[in-house]
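User: I would like to learn how to read a protein model one feature at a time. Please give me the general idea, then the case at hand.

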Amino acid sequence: MNLENKSSRVLIQELKAVATRERELLMQVLHYLREVEIRSLHLSMGYPDLYAFAQNELGYSCGAAYRRISAMRLLNSVPQVAEKLQTGELHLESATAAQSAFRKEDRRRRDAGEEKLTVQEKTEIIQSMVGKSTRQAEHILFEKLPEVAPPAEEKTCALADQKTLIQFVASPELIEKLEELKNLMAHQNYDGGMDVLVERLADMALRKLRPKESKKAAPLKSPAPGVQTQSQDRTRYIPVAVKNTVRLRDGSQCTYRDPDSGRICGSKYGLQFDHIQAFSQNGPNTAENLTLRCGPHNRWRAEVENLN
Ligand SMILES: [Zn+2]
């Protein structure tokens, strides 16, 4: 691109036009993303959520994906946001902060037994953020909703070497507890890193919470016809030995595979045991009829089956 011969006046004029076009394109991205979510295309393509889809398929950074998806969700509840984003009167970061605060406020109200934020309330808050800088808009937001913490990108981001960046807001109470834990663990070769501390805590919690593992793994094959086992009665109870066999075989990750690309979801969060032949259609609780699925893929499959 050669801009050297353009006059300064034309350069600025054209730059403004391009920036306007950029905001228009952003709106298009949000509408396309919404349609992808409505059609659950990210799930059928082997992603556990829209964030992973946006990073892998669209090349967005974790933060860029988070902001676009937050703004898209805000559009769903407050459609007027579209016009304000397009004119630049509302910044993408402000929309992200608003969506995060609305979500937290709704959760807080639900826990307190109160009504959720109404569209009217959300619209009024957004209106008061229009035309303000991101910092001013966030300030307004937390004046209106003082009970919710400052916004944070509570997302996990995949890094190199199979590592993941996890970011969240800690309350003073949590910080105090973590400091106490650090002191209590000071004698256990603990090096002070938060990652080491969380891993130690995870180990302790897992030892306590994990169901007692059976030494014997269940056979992969179904028992011979006529042989009555616990897995053949019509309860949803899955024996621990069967669960262990499935976990081991599936590598403790979601096994959903996109039939077109062959992409395997591989999510390790919120794993559930999914019946290959549905439980409602007499699918047995055997290792060969069970597979690990993340929550979104398990629910999606159930939705698709209900539609058919
Ligand atoms: Zn999955």
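User: Where should I start with Asp250: is it buried or exposed?

Analyst: Buried means under 20% relative accessible area, exposed over 50%, and partly exposed in between, with a 1.4 Å probe and protein chains only. Asp250 has a relative accessible area of 11%, so it is buried. This is a predicted model: local features need pLDDT of at least 70, side-chain atom pairs count only at pLDDT 80 or more, and totals for chains, interfaces and linings use all residues. Residues are numbered from 1 along each chain as its sequence is written, and side-chain values use heavy atoms, leaving out hydrogens and water.

User: Which element holds Asp250, and which side chain makes a polar contact with it?

Analyst: Helices (H or I, at least four residues) and strands (E, at least two) are DSSP runs, numbered from the N terminus. Asp250 belongs to helix 11, residues 240-250. A polar contact is a pair of N or O atoms within 3.5 Å; within protein, one must be able to donate a hydrogen and the other to accept it, and residues adjacent in sequence count only if both atoms are side-chain atoms. The side chain of Asp250 has such a contact with that of Thr291, at 3.2 Å. Contact in general means heavy atoms within 4.5 Å. Beyond its neighbours within four places in sequence, Asp250 is in contact with Thr255, Thr291 and Leu292.

User: What does the whole protein look like in numbers?

Analyst: The protein has twelve helices and four strands. It has 308 residues, and 34% of them count as buried.

User: How do I read a pair of packed helices?

Analyst: Two packed helices are described by the angle between their axes and the distance between the axes. Axes are lines fitted to C-alpha atoms, for helices over the stretch in contact, and angles run from 0 to 180 degrees between N-to-C directions. Take helix 6 (residues 92-111) and helix 7 (residues 119-129): their axes come within 11 Å and cross at roughly 150°. Angles under 35 degrees count as roughly parallel, over 145 as roughly antiparallel, 65 to 115 as roughly perpendicular and the rest as oblique. Helix 6 and helix 7 are therefore roughly antiparallel. Among the residues that meet are Ala98 and Phe102 in helix 6, and Ile125 and Met129 in helix 7.

User: How are helix 9 and helix 10 packed?

Analyst: Helix 9 (residues 172-184) and helix 10 (residues 194-209) pack at about 85°, with axes 11 Å apart. That makes the two helices roughly perpendicular. Leu178, Leu181 and Lys182 in helix 9 meet Met194, Leu197 and Leu201 in helix 10.

User: Now a loop. Where does Leu145 lie, and what does it touch?

Analyst: Leu145 sits in the loop between helix 8 (134-144) and strand 1 (156-158). Its relative accessible area is 3%, so Leu145 is buried. Leaving aside neighbours within four places in sequence, Leu145 is in contact with Ala101, Phe102, Glu105, Leu117 and Ile125.

User: Last, the ends of a helix. What caps the N-terminal end of helix 3?

Analyst: Asp49 does: a side-chain oxygen lies 3.1 Å from the backbone nitrogen of Tyr51. Just after helix 3, Gly59 takes a positive phi of about 75°. Within helix 3 (residues 50-58), Leu50, Tyr51, Ala52, Phe53 and Ala54 are buried. The buried residues of helix 3 pack against helix 1 (8-38), helix 2 (41-44) and helix 4.
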